[in-house]
Amino acid sequence: MAQAYDVVVIGAGPGGYIAAIRAAQLGMNVACIEGWRNESGELSLGGTCLNVGCIPSKALLASSEAYELVRESYDAHGIGVDGLRLDIGKMQARKAGIVKKMTKGIEFLFRKNKVTWLKGFGRFVGYEDDAYRIEVADEEADGAPAQLVDAKHVIIATGSKPRALPGLEVDNRIVCDNVGALAMTEVPARLGVIGAGVIGLELGSVWRRLGAEVTVLEALPTFLAAADEGVRKEAWKQFKAQGLRIELDARIAGVEVGDSGARVRYSIGEGEPQTLDCDRLIVSVGRVPNTEGLGLDAIDLAVDERGFVPVDEHCRTKAPNVWAIGDVVRGPMLAHKAEDEGVMVAERIAGQDPHIDYGMIPWVIYTSPEIAWVGRTEEQLKKEGRAFKAGQFPFSANGRALGTGHSAGFVKVLADAATDEVLGVHIVSGAASELIAEATLAMEFRASAEDIGRVSHPHPSMSEALREASLAATDKRSLNA
Ligand code: FAD
Ligand code: NAD
């Protein structure tokens, strides 16, 4: 006899675990299937984000930033440090400790909310008597038999995996995806990165700050194509000044992997063939949805031409009572987007009517300076033919930024020319990841630039730059520039 649940969630990344908790809070009988094993072979909740994504990358970004600060910036504060040394083992142990705390935290939350964790991987096996039947199996668990469960509603939250480059095997020793790039135990003297997207820039920054000579090869003639042009230019200037070498329009002809390194053969556009020799190579050319072994055909579901599970704006699939959320469906591959969809679906199953405004999902790239935006770029507004006003304020004129040593970058506010409604906010700054939350809140409430300009902001604070840029975007002028 199969155990029956109101809701079974497949996958416990930020989409799945949040959906499970919210559904349980709303009174449903919920199970969540997850078979992820960490590097020690232990089962672990949290998916890509907590185990090998957002959380460990931000831990290493913080450690490497601290090291670079001491090395490059403390002198200006009048602080001299002799005998500075780097202990990568300790740095990695700190990262592992944070990951463990967070993943164990989800186990606690599951117990607290009475969500049953079904250990293993789930596969649809059929539909009978108004319920979906799912087999849960864990091949790595010695002798544990597969179990069958029934669910009235199923939420597919199986996430994504790294896109591979044809013919290049990832061994996470010399050639690394995000997993290997986060687990290196020594700083490579020469690090190659294929792909100047979010992972390439963040993890390239980590190892550059720790002493690697980093070269990033990017296929497109531009980088960070989704960002506002002004932001791209500023970021390019800053990264160049830091010594991050980025080669655009790079065409990879092949990669030879040896015992101690790799040689990448490439050309820039139609130019002469070139080679890049590196001790480690990170491949970060995007991620693809993960539906491997899910048995979608057993319930007559098929993925689209890019491998995503097709859903409507409320994350409903074609199969009744089957929903899909997070990286496995259309939209940005971001943890907070996955979480928002998890909450929305759980509440819809409970009969509520929430929705997500996909135009208001903020982006943050955790380089230094950080890059963040929400809403539309200047290019998008021009393309739409929408008349707008732009206001910009530099952090070099912000007292708090000067005091903390984060004077690079700016805030740019774009507002409708007629109504003054804020349409987009773009930030390059050491504090961008925090400042963008205020901008997102303002935009969700359809604030005008004048509204933000009239709100009292603490002084001195980096948030004053958002106020000043908003003032500049209305017909008023900013006060401090
Ligand atoms: P995932 O987190 O991928 O989780 C899916 C889970 O489903 C996995 O645990 C998997 O084991 C499980 N699963 C798969 N198949 C089955 C099955 N058949 N049965 C049971 N379980 C299954 N996003 C941000 O917003 N901010 C960041 O700073 C950020 N940093 C990142 C850094 C890196 C290096 C990477 C790789 C990603 C980063 N992301 C970041 C993206 C973010 O991790 C993803 O958008 C997010 O994890 C997606 O959540 P999800 O729940 O859809 O899927
Ligand atoms: P990405 O889509 O951000 O960037 C991939 C880059 O690789 C692109 O610039 C692309 O043009 C380039 N590329 C593709 N094929 C190439 C080739 N053959 N040669 C050279 N360059 C090539 O993907 P990513 O960096 O792998 O990250 C995957 C996703 O994970 C991101 O899109 C993002 O959604 C998520 N993520 C988010 C954060 C964050 O929010 N801070 C951090 C890391 C990852």
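Predicted model: local features only at pLDDT ≥ 70, side-chain atom pairs only at ≥ 80, totals over all residues.
Residues are numbered from 1 along each chain as its sequence is written, chains are lettered from A and ligands numbered from 1 in the order in which they are written, and side-chain values use heavy atoms, with hydrogens and water left out.

**Stop 1**

Cys-315 is buried, with a relative accessible area of 0%; buried means under 20% relative accessible area, exposed over 50% and partly exposed in between (1.4 Å probe, protein chains only). Next, select Leu-224 in the loop between β10 and α7 (229-242), where phi is near 50°, again a positive value in a residue other than glycine. Leu-224 also counts as buried, at 10% relative accessibility.

**Stop 2: a strand residue**

Move to Thr-215 in strand β10 (residues 213-217), which is buried with a relative accessible area of 3%. Leaving aside neighbours within four places in sequence, Thr-215 is in contact (heavy atoms within 4.5 Å) with Leu-191, Gly-192, Val-193, Arg-245, Glu-247 and Leu-276.

**Stop 3: ligand 1**

Now select ligand 1 and display the 38 residues that surround it, of which the closest are Glu-34, Thr-48, Lys-58, Gly-122 and Asp-327; a residue is near a molecule or strand if one of its heavy atoms lies within 4 Å of it. An oxygen atom of ligand 1 is 2.9 Å from a polar backbone atom of Gly-15, and an oxygen atom of ligand 1 is 3.4 Å from a polar backbone atom of Cys-49. Taken alone, ligand 1 exposes 1000 Å², and the protein buries 94% of that, with accessible areas coming from the Shrake-Rupley method with a 1.4 Å probe, where for residues only the protein chains shown count as cover. If you colour the helices, look for α2, which gives the most to the shell around ligand 1, with four residues.

**Stop 4: ligand 2**

Select ligand 2, which 23 residues surround, the closest being Ile-199, Glu-202, Glu-218, Met-333 and Val-364. An oxygen atom of ligand 2 is 2.6 Å from an N or O atom in the side chain of Glu-218, while a backbone N or O atom of Ala-219 lies 3.1 Å from a nitrogen atom of ligand 2. A backbone N or O atom of Gly-286 lies 2.9 Å from an oxygen atom of ligand 2. The protein buries 78% of the 840 Å² that ligand 2 exposes when taken alone. The shell around ligand 2 draws at least three residues from each of domain 1 (3-161 + 288-358) and domain 2 (175-285), with bounds that come from an automatic or database domain assignment.

**Stop 5: two cis peptide bonds**

Finally, select Ser-368 and Pro-369, whose peptide bond is cis, with omega near -5°; Pro-369 lies in the loop between β18 and β19 (370-375). Another cis peptide bond joins His-459 and Pro-460, with omega about -5°, and Pro-460 is found in the loop between α12 (449-454) and α13 (464-473).

How values were computed: Polar contact = N/O pair within 3.5 Å; in protein donor to acceptor, adjacent residues only side chain to side chain. Helix = DSSP H or I, 4+ residues; strand = E, 2+ residues; numbered from the N terminus.
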